[in-house]
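Here's a short tour of one protein model.

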Amino acid sequence: MMKIEMPLTVKQNVIRSVDGRIKYKKFSDAGREHYHLGVWLDGEERVLDEINFVEYELHPSFSNRVRTSKNRKNSFSVTFWTWGMFDIEVRVHYFSGEVETFTHTLEYSLPADDGHTYVAV
């Protein structure tokens, strides 16, 4: 795979409900709280316009670990539920056929719960 030197970065955010509360859910009664996260590419418009699609390879514990986005309008974002932080391998596929690969370390912080900060979904 060819490495292209272009100014791209991955951004991330914990997704909130319409009233601004952090969404979470438990997939089992004994399981951990999972938070809804979004990741997307950030870069110069001219560079983003050259991208055909982006693959995000998540932690091996995900059953559907490779997430693909072809949506330029949302900066090639994907969302997923997670309880932890890990490295994401990002593969940017350009219309030219070239592929840029890099690693993004997923990091997020959660505020203390004041009784109104979180909402179960």
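## Ground rules

Strands here are DSSP runs of E with at least two residues, numbered from the N terminus. Two strands pair if DSSP finds at least two bridges between them.

The model is predicted, so to speak of local features pLDDT must be at least 70, side-chain atom pairs count only at pLDDT 80 or more, and totals for chains, interfaces and linings use all residues. Residues are numbered from 1 along each chain as its sequence is written, and side-chain values use heavy atoms, leaving out hydrogens and water.

## The four-stranded sheet

Let's start with an open sheet of four strands, in the order E5-E4-E7-E8, with antiparallel pairing. Strands E5 (66-69) and E8 (99-105) sit at the edges with a single partner strand each, so one side of each has no neighbour in the sheet. On average, neighbouring strands of this sheet are turned by 20° against each other, direction ignored (axes are lines fitted to C-alpha atoms, and angles run from 0 to 180 degrees between N-to-C directions).

Strand E4 (residues 51-57) pairs with E7 (residues 87-94) over six antiparallel bridges. Across from Ile51 you'll find Tyr94 in E7.

## Strand E2 and its partners

Strand E2 (residues 22-26) runs parallel to E9 (residues 118-120), joined by three bridges; Ile22 has Tyr118 as its bridge partner in E9. E2 also pairs with E3 (residues 33-43), this time antiparallel, over three bridges. Lys26 is bridged to Glu33 in E3, and a hairpin through six residues joins E2 to E3.
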